Amino acid sequence: MQHKVIDTKEVVIRFTGDSGDGMQLTGTLFADASALYGNDISTFPDFPSEIRAPQGTVAGVSGFQVNIGSGEIRTPGDFCDVLVAMNPAALKSNAKWAKLTATIILDSDTFDEKGIKKAGFKTDDPVTELKIQDRHIVFAPITTLTKESLKESGLDPKTIARSKNIFTLGICYYMFNRPMDTTEEYLDNKFKKKPEIAAANKKALKDGFNYAANIHAIPNTYRVAPAKQEKGTYRYINGNQATAWGLLAASEKSGLPLFCGSYPITPATSILEELALRKDLNVKTLQCEDEIAGICTSIGASYAGNLAVTTTSGPGISLKSEALGLAMITELPLVVVNVQRGGPSTGIPTKTEQTDLNQALYGRNGECPIAIIAAHSPSHCFDAAFYSAKFALEHMMPVMLLSEGFLGNGSEPWKIPSMKDYPEIHPPIVTEVEETPFWPFKRDQEKFARRWALPGTKGLEHRVGGLEKNPQGAVSSDPINHEKMVAERAEKVARMANYIPDQKVIGKESGEVLVVGWGGTYGHLYTAVKELQEEGKSVSLAHFDFIFPLPKNSCEIFSKFKKIIVCELNSGQFANYLKAQYCQYKYHQYNKIQGQPFIVKEIVEAVNEIL
Amino acid sequence: MKYTPQDFKSDQEVKWCPGCGDHAILASIQRAMPDVCESLNYTKERFVFVSGIGCSSRFPYYMDTYGFHGIHGRASAIATGIKVANPTLTVWQITGDGDALAIGGNHFIHAIRRNIDINIILFNNQIYGLTKGQYSPTSKLGMVTKTSPYGTVEHPFNPGALVLGSRGTFFARSLDVDLKVSQDIMVQSAKHDGAAVVEMLVNCIIFNDKTHSLVSSKDVRADRTIVLKHGEPMIYGKNRDKGLILDGYSIKSVVIGENGIKESDLLVHDAHTENPGIHSMLIDMKYPELPVALGVIRAVKDKTYDDNVRDQVIDAREHAQIHNVDELLHSGATWEVK
């Protein structure tokens, strides 16, 4: 077979296997190596919620897609150039993601009668059955080769078998001309106490590489030049880590210790884990008995003067809603992070969706508006978390940060910012006041924020609580007072609009079609809009980070386009919200509720349809 | 600074029903405060009273301290957050049998398990008062209420048993009407490092009147209750002639002088022993078989959650490799683009 080196701007590779095969690790190591090599990258882990679903079944297939490029990469890619499938089930559930020109690498050892049957194939020829004979199929006996590679390692057969993902990684490193040093370093580090395992894995990696170089069965190898990136120091970051770090940045800029009361829930847990590591930065994390205690301990910590945060996903928000109302009526700063997942109820925990917008907007009893900020990319979670905390602290109110599983688990290279470029945060903490006794609900006339008197401060003793109060802080069921307090709390949230940046438009500020999105769909919508613009089409993008309140220029932006199409991973929640805000416009919709991110192609098609 | 009970009274009108036992508990806590301040060198601004929902949970409004009236059942969680965020505060949770043991049962046991340094004052009137008379998790089996017109078919919780089951370090009990004992155990609970639970047997004059009167009525109280004091023999009775002994695996009431029983045969109360065996039996004692135990039943030393958290933070900061966010952002693998 003629070996070809393809110079390309962008390559998508998808690692798939049994959830015990280590595909998430393989994908992450490949992404790390590519990021360090200088490519722009975007990743998308796609895994089941079962830790170990029955081996060899479609239910247990775990995937990790990574898009590497020499240009701007905004999405993990729609379809892959290379598909690695460690067993028949992985091939069965992922063949649909392989491009017509794709190379598919299979562990032939797993394609025996038993494996094929377990995956639910009707014939004994999965390739023909899936109608993928035209792709470049590489049957590599990966299990056997790994055993052979490590037969003198002295390790037991089970441990040896576990290295087959690293052997596979070696094959991929050959295909993509990747340096192996970062992975070797990782292995040395990870198995510091078990050098024999580190050595075995490094051997498997090299042998995989050499195997691929020797067999001449790999039709193409790819060269993806480093991306032209802005000068600076870069790192690789995922959304949940960026969220945790953005909160830490707010803690530093406000001078307030960070407190996080939380309860583990997919896909938000790693924020809590990340914060739990940071006692060195004066962080206190409390893994609570339930979601309700998560928010309630945070409300307590906020009352006591910490920057308080609670992190969860949609079902957790459901449990926290009553307490969210308490934070709202007591007018205490609190950041509530919702890393959205497929719902309703338990739904599809490991899959991504934007279906909790209505819940964020309306999911509480009484008149209970809460500010909402959405993150639009893994690294943007940093800024989104920072500003959620800044608004919460300076405006004395809870702020909900909407992230998504796609962002929380996804990762990308990030030019490391400098903290000196971030603003200070000045919460309205008071240590003495003119009036005696202290009036807890007296407001400043600009933001409408109340003052924050911390327990321990002499002379400012006061009571807050879930019962309606008058400005002096006494319980009141006076009808006029209630209406006034309701209006003032709403006005406070509305006034946040005076402090947020104008909504930007990507592309021309007027034209035929305005694509509107919010949150984690940014990369896909951006790529689709750029593609359409390159074709000369009059299409622009307005992607919203500030959901409630909306930027003040939103209406004006909408007025400049003939058509508006709102694209979101739900049945039209943002579109309906916009209809309620600016009913003079017609909003076309493109919606998808499959637990999967958009693909660029479908957005392009949806826009072309209304152009 | 010397305080008086008056310093702890807020300007708010107390709105409990006339004759409600809560008034007496408010008085005993306000009377205990100057003592607490003096013995622990606290100032008033360090006190935070936190509550959930229910009649008793209006309590924080009546104290001229920092106060947080939370939502139903969640006071333990709110109090925990306050204490962990600022361990220099002295945090008091006021709760009822519905608030702490029904809707808030989970938070209650976990606060105790963690041994967070808060004082939990549990007003147990064995009824839902604020919702006007439904049975609670401590209502006696068979009790007829609006939601149990044929009598309850549920066994009640014994709050002290829950405390022991959660490996609690402090449990005390008093009667609303016994201000002296109440005041004393409030001070002792404040002095205790860790989750201190005080069960107050309280009368609801409207919906469950006289629920504790078999033991709390002034004329019979001395003979039907025993006030336990650490290190002292378990003697009770109007004439101080009754006592408790261990008979096999059970506690038995005896009369000093009868059947050759001497004072030296009586159990001596050891509140500080970690072994919960006798504490459990004391907590379970019921009239008429045995007197109801009052006073500090258990007060065991153990590390508190908030101390452990603070120690970890101090230790982590002393050995920190990362001192600020800029350093954090540059930690791990990074690369330069030139």
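**Two chains and where they touch**

Q: Starting with chain B, what share of its contacts between residues at least 6 apart in sequence join residues at least 24 apart?
A: In this predicted model, 67% of the chain B contacts between residues at least 6 apart in sequence join residues that are at least 24 apart.

Q: And what's the figure for chain A?
A: For chain A, counting again the contacts between residues at least 6 apart in sequence, 76% join residues at least 24 apart.

Q: Back to B, how many helices and strands does chain B have?
A: Chain B has eleven helices, together with twelve strands.

Q: What box do its C-alpha atoms fill, and how much of chain B is buried?
A: Taken along the principal axes, the C-alpha atoms of chain B fill a box of roughly 95 × 45 × 45 Å, and 49% of its 338 residues count as buried.

Q: OK, what about helices and strands in chain A?
A: Chain A has 21 helices and 24 strands, and its C-alpha atoms fill a box of roughly 85 × 60 × 50 Å along the principal axes. Of its 611 residues, 56% count as buried.

Q: How does the radius of gyration of chain A sit with a compact globule?
A: The two agree, because a compact globule with 611 residues would have a radius of gyration near 25 Å, and chain A has 26 Å.

Q: Which domains is chain A assigned?
A: The assignment for chain A gives domain 1 (4–223), domain 2 (235–421), domain 3 (429–499) and domain 4 (511–610). Taken over C-alpha atoms, the centres of domain 1 and domain 3 of chain A are separated by 58 Å.

Q: Switching topic, how many residues of each chain are in contact with the other?
A: On the chain B side there are 49 residues, and they are in contact with 57 residues of chain A.

Q: Which element of chain B gives the largest share of that side?
A: Helix 2 of chain B does, with eight residues on the side that touches chain A. By class, that side of chain B has 24 nonpolar residues, 17 polar ones and eight charged ones.

Q: Which strands of the two chains pair, and in what sense?
A: Strand 19 of chain A, residues 463–465, pairs with strand 2 of chain B in the parallel sense, over three bridges.

Q: What stands opposite Val464(A) there?
A: Opposite Val464(A) stands Phe68(B), which lies in strand 2 of chain B.

How values were computed
Residues are numbered from 1 along each chain as its sequence is written. Chains are lettered from A and ligands numbered from 1 in the order in which they are written. This is a predicted model: local features need pLDDT of at least 70, side-chain atom pairs count only at pLDDT 80 or more; totals for chains, interfaces and linings use all residues. Two residues are in contact if their C-beta atoms, placed from the backbone, lie within 7 Å. Helices (H or I, at least four residues) and strands (E, at least two) are DSSP runs, numbered from the N terminus. Ala, Val, Leu, Ile, Met, Phe, Trp, Tyr, Cys and Pro count as nonpolar, Asp, Glu, Lys and Arg as charged, and the others, Gly among them, as polar. Two strands pair if DSSP finds at least two bridges between them. Domain bounds come from an automatic or database domain assignment. A residue is buried if 20 or more other C-beta atoms lie within 10 Å of its own, exposed if 12 or fewer, and partly exposed in between; C-beta atoms are placed from the backbone. The radius of gyration is taken over C-alpha atoms; the globule rule is 2.2 Å times the number of residues to the power 0.38.
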